[in-house]
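Dear colleague,

I am handing over the structure we spoke about, and I would be glad if you could look through it alongside the notes in this message.

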Amino acid sequence: MPNIASSKRQIRTDARRTLRNKNIRTHVKTEIGKAERLIAAGKLEEAQKAVTIAASQLDKAGVKRVLHPNNTARRKSRLVAKLNKAKAAKTASA
């Protein structure tokens, strides 16, 4: 436990930030999970909408610096790549 007043204040500030950031990260993970489940299920029209929503959530987290901008870019890229791969597989089989 810190003895210095500024350290005590910083701990309180960190706790508030942690709660806010955790909420944002949870929303991001939820939207990414929904999109990935739809892609795996083969519901590509719904998955397209879910990927758009997930990308939006990632962008918001990146702007707020909850996630590093490169992290958000990497996650969006991987998600879109999964969607495109599923679309290609569907058209190849059809």
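Predicted model: local features only at pLDDT ≥ 70, side-chain atom pairs only at ≥ 80, totals over all residues.

The largest nonpolar core has 18 residues, of which Val28, Ile32, Ile39, Val51, Ala61, Leu79 and Leu83 touch the most other members. Helix H1 (5–41), H2 and H3 each supply at least two residues of this core, with H2 giving the most, namely 7 residues. If its neighbours within four places in sequence are left aside, isoleucine 39 is in contact with Leu44, Ala47, Val51, Leu79, Lys82, Leu83 and Ala86.

A search of the whole structure finds 3 salt bridges, and I take them one at a time.

In one of them, the side chains of lysine 34 and glutamate 31 meet at 3.7 Å, N to O; being 3 residues apart in helix H1, the two are separated by about one helical turn. Glutamate 31 is buried, with a relative accessible area of 16%, whereas lysine 34 is partly exposed at 38%. Apart from its neighbours within four places in sequence, glutamate 31 is in contact with Ile53, Ala54 and Gln57.

Another joins lysine 82 to glutamate 36, with the closest N and O atoms 2.7 Å apart. Lysine 82 lies in helix H3 and glutamate 36 in helix H1, so this pair ties together parts that are 46 residues apart in sequence. Lysine 82 is partly exposed, with a relative accessible area of 41%, and glutamate 36 also counts as partly exposed, at 32% relative accessibility.

The remaining salt bridge is formed by aspartate 59 and lysine 76, whose closest N and O atoms are 2.7 Å apart. This pair links distant parts of the chain, with aspartate 59 in helix H2 and lysine 76 in helix H3, 17 residues apart. Aspartate 59 counts as partly exposed at 34% relative accessibility, and lysine 76 is partly exposed, with a relative accessible area of 26%.

With best regards

Note on methods: Residues numbered from 1 in each chain as written. Heavy atoms only, no water. Core = buried A, V, L, I, M, F, W, Y, C linked by side-chain atoms within 4.5 Å. Buried < 20%, exposed > 50% of the residue type's maximum accessible area, 1.4 Å probe, protein only. Helix = DSSP H or I, 4+ residues; strand = E, 2+ residues; numbered from the N terminus. Contact = heavy atoms within 4.5 Å. Salt bridge = Lys/Arg side-chain N within 4 Å of Asp/Glu carboxyl O.
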